Amino acid sequence: MTIRVNNPATGEFIEEVKIQSKEEVKQAIKECYEGFNDWSRLDAHERSRLLSKWSDKIQENKNSIAEVMTKENGKPLHESLGEVDYATSYIDWYAEEAKRIYGRTIPANSESKRIIVSHQPIGLVAAITPWNFPAAMMTRKAAPALAAGCTFIVKPAAETPLTAIRIIELAYEAGIPKSAIQYVNGSGRVIGGLFTDSDYIRKITFTGSTPVGKSLIKDSAETMKHVTMELGGHAPLIVAEDADLDFAVNQTIGTKFRNAGQTCVCANRLIIHENIVDAFSAKLKEEVEKLVVGNGMEEGTDIGPIINKKGYEKIVEQVKDAVAKGAEVLVGDKYDEDHENEAYFIHPTVLKHVTDDMDIMHEETFGPVAPITTFKTLEEAVEIANNTEYGLAAYFFTNDYRTGTYLHDHLDFGIVGWNDGGPSAAHAPFGGMKESGLGREGGIEGIEPYLETKYLSIGQL
Ligand code: NAP
């Protein structure tokens with residue numbers, strides 16, 4: 001059995017990938033479990049050196065990895081090149097953090113006692129990753145796991161396994177043993193079940209949709225596994241009356257239309273002060289009209305295809321629903337469908353006069369559609385923004401420190417960009433509140449979920 005990987009921009013066949021049988025997946029899990037003894041005992045400086053070599057190997061192969069990524073995912077080549085850098089930034093960061101897993105001593109309540117707290121790796125970690133960032137979503141998990149001394153097994157998304165495979169093969173070239181990191185391919189449901197059932201695996205780390213995340217948490221309870229969940233988002237982007245409009249529009253384009261809007265932190269609801277909504281909308285329309293839709297391998301492309309028909313249909317439905325309920329199309333609402341080759345493109349779309357009864361205000365869009373709604377008071381802006389079960393990212397634009405601090409304090413989101421449409425960074429804790437997930441990836445917080453805390457109490461000194 002194999003997965004046939006096709007280019008979502010053209011339908012062109014790229015490569016075939018073997019699907020592991022259940023027995024083969026179990027064997028891979030066992031190998032990584034047995035590898036834990038050696039990998040966790042390797043000194044932190046050596047683990048750090050190996051991670052740095054891995055990062056160097058990926059950078060040496062940056063162009064070919066980016067090309068594979070664009071072919072299997074569809075994103076423009078310049079975005080894939082950027083993602084390779086973003087992916088290695090996590091390896092570089094955690095190569096350093098490997099050497100900084102400090103413990104502490106606690107003053108005891110008796111002269112004859114000493115209390116020492118230390119950390120140890122939790123064991124074998126299993127990861128399941130999505131197709132929208134096939135390199136970075138994997139290294140964001142593998143790097144802290146390996147740095148902490150855990151071993152790691154990953155199942156990449158069926159649409160985009162090739163990038164992950166290339167990157168892991170480079171880990172072997174860098175000297176990281178196969179018993180420390182492996183990949184398996186196949187159905188998420190089947191392999192997810194094997195991961196959650198396994199007594200060898202101590203942690204599941206997942207990036208993907210909220211319903212799958214919830215079922216993985218439930219299934220992990222049986223063996224009391226640790227979990228980190230990076231799930232869906234429905235980011236608000238608020239523009240206050242005093243904001244620098246050119247800058248706000250420029251940042252909105254980046255955060256809304258990158259990866260054809262198929263990102264979990266993508267601005268999904270533009271909440272604009274009523275006094276500037278016309279000026280903002282006109283500027284946004286002007287900039288959106290310049291975006292070029294096409295094959296990500298072609299120079300000048302800004303917006304690639306939607307990953308598959310299911311994703312495409314969901315976006316089209318949301319636009320139809322909004323228009324039927326009174327939204328005005330400022331630009332877009334234009335589609336290129338090539339059913340024969342399974343290639344689906346949506347031209348970047350801006351909708352005005354969007355209201356709370358429209359699906360687009362409540363469901364993740366995962367596409368290049370920007371719905372605009374308005375607010376009068378900051379309280380109202382916060383109420384609209386927080387009116388979602390998600391809590392991943394939020395953005396706002398203002399140069400007034402009182403507006404900024406008010407919005408920061410009242411928005412229920414794990415990542416907040418103030419005059420910043422691209423806050424994500426390897427050195428900062430990325431993650432969501434509410435149904436957007438559990439735990440953080442990146443920063444010093446990102447290695448903690450791979451560590452157990454142990455304290456030693458020495459008596460009779
Ligand atoms: P998805 O359906 O949840 O798939 C993600 C991964 O989970 C894939 O590897 C998939 O494997 C696997 N999977 C599917 N069903 C499974 C099951 N029952 N048990 C175990 N694994 C299963 O999500 P998607 O629609 O592809 O990805 C987009 C979602 O990811 C969005 O909701 C987005 O917001 C979220 N996301 C979140 C972040 C973040 O950091 N918070 C980042 C990126 C994306 P198959 O490919 O075999 O189906």
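Contact here means heavy atoms within 4.5 Å. The views below show a predicted model, in which local features need pLDDT of at least 70, side-chain atom pairs count only at pLDDT 80 or more, and totals for chains, interfaces and linings use all residues. Residues are numbered from 1 along each chain as its sequence is written, and side-chain values use heavy atoms, with hydrogens and water left out.

**View 1. R166 on helix α6.**
R166 is found in helix α6. Helices are DSSP runs of H or I with at least four residues, strands are runs of E with at least two, and both are numbered from the N terminus. Is R166 buried or partly exposed? R166 is partly exposed, at a relative accessible area of 29%. The classes are buried under 20% relative accessible area, exposed over 50%, and partly exposed in between, with a 1.4 Å probe and protein chains only. Leaving out residues up to four places away in sequence, R166 touches E15 and V68. N61 is 105 residues from R166 in sequence, and their C-alpha atoms are 9.4 Å apart.

**View 2. Helix α3 against helix α6.**
Helix α3 spans residues 62–73 and helix α6 spans residues 161–173. Their axes come within 8 Å and cross at roughly 160°. Axes are lines fitted to C-alpha atoms, for helices over the stretch in contact, and angles run from 0 to 180 degrees between N-to-C directions. The two helices are therefore roughly antiparallel to each other. Angles over 145 degrees count as roughly antiparallel, under 35 as roughly parallel, 65 to 115 as roughly perpendicular, and the rest as oblique. From α3, the contact is made by I65, V68, M69 and E72. From α6, it is made by P161, L162, T163, R166, I167 and L170. By class, this contact has 7 nonpolar, 1 polar and 2 charged residues. Ala, Val, Leu, Ile, Met, Phe, Trp, Tyr, Cys and Pro count as nonpolar, Asp, Glu, Lys and Arg as charged, and the others, Gly among them, as polar.

N185 sits in the loop between β7 (181–183) and α7 (188–197). N185 is buried, with a relative accessible area of 1%. Beyond its neighbours within four places in sequence, N185 is in contact with I3, V17, K18, I19, Q20, P156, P161, I165 and I191. At the start of α7, a side-chain oxygen of S187 comes to within 3.2 Å of the backbone nitrogen of R189. Within α7, the residues I191, G192, L194, F195 and T196 are buried. The buried residues of α7 pack against α1 (22–41), β5 (124–128), β6 (151–155), β8 (201–207) and α8 (210–221).

**View 3. L270 in the largest nonpolar core.**
A nonpolar core is a set of buried Ala, Val, Leu, Ile, Met, Phe, Trp, Tyr and Cys residues joined through side-chain atoms within 4.5 Å. The largest has 60 residues. Which of its members touch the most others? They are I238, V239, L270, F280 and L284. Setting aside residues up to four places away in sequence, L270 touches L237, T252, F280, L284, A370, P371, I372 and T373. Apart from this core lies another, of 54 residues, with I3, V154, L170 and Y183 among them.

**View 4. Helix α12 and its cover.**
Helix α12 covers residues 378–386. Its residues A381, V382, I384, A385 and N386 are buried. What covers the buried residues of α12 includes β10 (235–239), β11 (267–273), β16, α13 (401–410) and β20.

**View 5. S436 between two strands.**
S436 is found in the loop between β20 and β21 (437–438). S436 is buried, at a relative accessible area of 0%. Its side chain reaches the backbone oxygen of G232 at 2.6 Å. The side chain of S436 also reaches the backbone nitrogen of G391, at 2.9 Å. Not counting residues up to four places away in sequence, S436 touches M229, E230, L231, G232, G233, E389, Y390, G391 and L392. A393 is 43 residues from S436 along the chain, with 9.2 Å between the C-alpha atoms.

**View 6. Positive phi at F366 and K434.**
F366 lies in the loop between β15 (349–352) and β16 (369–375). Its phi is near 55°, a positive value in a residue other than glycine. K434 lies in strand β20 (residues 433–434). K434 has a positive phi of about 45°, although it is not a glycine. At 41% relative accessibility, K434 counts as partly exposed.

Conventions. A polar contact is a pair of N or O atoms within 3.5 Å; within protein, one must be able to donate a hydrogen and the other to accept it, and residues adjacent in sequence count only if both atoms are side-chain atoms.
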